[in-house]
Amino acid sequence: MAADVDAATRAYTVRLELVDEPGELLRALEPISANGGNLLSIYHERGNLTPRGNIPVEVDLECRPDRFDVVVEALRDAGVTVIQAGEDAYTEQVTVLLVGHLVDTDLSDTLSRVESCSAASVTDLSLDAPEGTDDVSSARVHLAVESDGVVDALATVRSVAEEKDLQVVEPLVEGST
Amino acid sequence: MKLAVVGAGAVGRSVLALAGGHGHEVVAVADSKSAVVDEDGLDASAVLDRKSARGRVGEADPESALEAEYDALVEATPTTLDDAEPGFSHVARALERDRDVVLANKGPVAERYADLTALEGESEGRVRFEATVAGAIPVLGTIEDYGRSQVTAARGILNGTANFVLSRMAAEGLSYEHVLAEAQDLGVAEADPTFDVDGTDAALKCVILANVLSDGDATYALADADVEGIRSIPPSALDLAGEDGRTVRLVGEATADGARVGPRLVPEEGPLAVTGTRNVVQLETESAGSLELGGRGAGGDETASAVLADVRRLER
């Protein structure tokens with residue numbers, strides 16, 4: 001099941017172990033972007049060393065499913081230690097737009113209810129309120145959803161939005177009709 | 001084939017003008033006030049001249065076109081909702097006489113599909129309705145060719161007016177009201193654009209697709225569809241989508257389980273992000289992936305071409 005039927009990119013998590021030397025992080029990220037991966041976030045646990053004395057780094061990225069193996073291969077070719085590569089921390093990236101009186105209807109409550117009622121977490125939020133926060137505004141929300149939970153997560157977004165009189169612009173998802 | 005054309009709007013007039021070039025004879029034409037019948041074949045340009053000069057196709061009673069000796073009735077009166085009259089009765093009368101019917105009017109297939117198939121079952125006549133979905137684009141013909149059970153879903157851009165408005169808003173950063181006024185000046189949107197911008201027109205097409213895809217297991221009408229329009233989409237929503245490589249389009253979806261229309265996020269480079277008044281339909285097939293069919297979804301000659309494609313299928 002693909003979130004965007006036309007151009008499915010998925011979110012993956014890669015756990016790396018880096019040697020504590022200058023430039024190591026940059027060297028580890030380069031093969032990702034060079035092979036069609038788009039970096040979403042980097043969690044760099046500098047104060048926390050692995051038993052081998054290395055620094056654990058967790059990288060969230062999105063790419064097309066057929067590119068993911070290429071990205072992981074490229075990391076290993078570059079001499080980066082890959083501890084875990086996505087399979088079990090496997091999510092889909094879903095984007096929705098919300099339109100309406102977002103601020104007056106407590107946007108943070110809207111998002112936390114979406115997170116609490118479905119297997120989704122908000123990974124990014126952009127708000128555009130051209131007339132100020134009192135008028136109609138738009139928000140773009142990126143959700144990371146467990147791969148079998150997309151239809152469910154969108155249903156939750158719809159029901160919270162309906163209650164608050166917000167309009168949802170959903171992506172196309174197979175099986176949603 | 002000998003055709004009787006009921007309805008002399010843009011589509012009916014184009015059928016009359018184009019039928020000869022496809023090897024057919026039009027033996028009767030009716031508008032809401034009058035009819036003209038000639039069982040040896042009408043002179044299309046004379047009828048069209050009379051319609052434009054005097055606002056009526058002839059002097060006979062409109063009923064006489066329905067009684068003419070034709071092979072196929074082309075029902076091209078305006079789409080009406082609920083009981084789908086008078087279009088539905090025109091179809092019923094043709095089927096009772098064991099004549100074939102080609103619909104350009106969406107009402108009978110969208111609102112009374114069960115009644116229609118019941119009547120068709122009792123008749124020697126057959127009903128075809130390619131022109132009711134996406135104008136010139138052969139969506140229903142393709143579904144028939146593949147087999148209804150081989151197509152699991154259809155989705156697409158099925159209303160040119162709504163697509164024109166959204167694609168101009170996204171490209172120029174203009175408000176809905178501004179672009180709508182521009183579309184009305186260009187003749188792309190009607191003075192009352194409700195049917196288009198509220199999603200009703202696209203929903204009727206999706207309901208027809210859902211009726212076809214369910215293949216008798218269930219029938220749907222407009223009231224069963226989940227429909228949302230585009231009036232409330234602000235430019236800020238299109239900006240946010242654009243920053244993400246996406247855009248918003250009024251997308252209709254149909255499966256055997258129902259129909260849904262609403263503004264949806266689609267990839268900017270994807271097949272559904274067509275611009276202007278163009279239509280596109282994506283069919284999901286069981287074993288051949290997705291098919292994309294695009295073209296002009298409205299217009300007299302375009303819709304008449306779909307009507308004449310149906311007439312051709314009836315001849316086989």
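Here are some friendly notes on a pocket, an interface and the salt bridges of this structure.

1. **Ground rules.** This is a predicted model, in which local features need pLDDT of at least 70 and side-chain atom pairs count only at pLDDT 80 or more, while totals for chains, interfaces and linings use all residues. Residues are numbered from 1 along each chain as its sequence is written, chains are lettered from A and ligands numbered from 1 in the order in which they are written, and side-chain values use heavy atoms, with hydrogens and water left out.

2. **The largest pocket.** Its volume is about 1,300 Å³. A pocket here is an open set of points on a 1 Å grid over the protein atoms alone, where a 1.4 Å probe fits, with protein on both sides within 12 Å along at least five of seven lines; lining residues have an atom within 4 Å of a point. The volume is the space filled by probe spheres set on the points, which are joined across faces, edges and corners.

3. **Its lining.** Of the 48 lining residues, B:Ala10, B:Val11, B:Thr79, B:Lys106 and B:Glu190 lie nearest the centre of the pocket. Helix H1 (10-19) of chain B is one of the elements that supply at least two residues, and H1(B) gives the most, with 3. By class, the lining has 17 nonpolar, 20 polar and 11 charged residues; Asp, Glu, Lys and Arg count as charged, Ala, Val, Leu, Ile, Met, Phe, Trp, Tyr, Cys and Pro as nonpolar, and the others, Gly among them, as polar.

4. **Where the chains meet.** Chain A brings 27 residues into contact with 31 of chain B (heavy atoms within 4.5 Å). About 2,300 Å² is buried between them, with carbon and sulfur atoms giving 53%; this is the accessible area (1.4 Å probe) that two parts lose on being put together, summed over both.

5. **Bridges across the interface.** There are 3 salt bridges between chain A and chain B, each a side-chain nitrogen of Lys or Arg within 4 Å of a carboxyl oxygen of Asp or Glu. In one salt bridge, B:Glu243 meets A:Arg140 at 3.2 Å, N to O.

6. **Salt bridges overall.** Over all chains, the whole structure holds 35 salt bridges. Look at A:Arg113 and A:Glu163, whose closest N and O atoms are 2.8 Å apart. This pair joins helix H3 (residues 107-117) to helix H4 (residues 150-163) of chain A, with the partners 50 residues apart.

Notes:
Helices (H or I, at least four residues) and strands (E, at least two) are DSSP runs, numbered from the N terminus.
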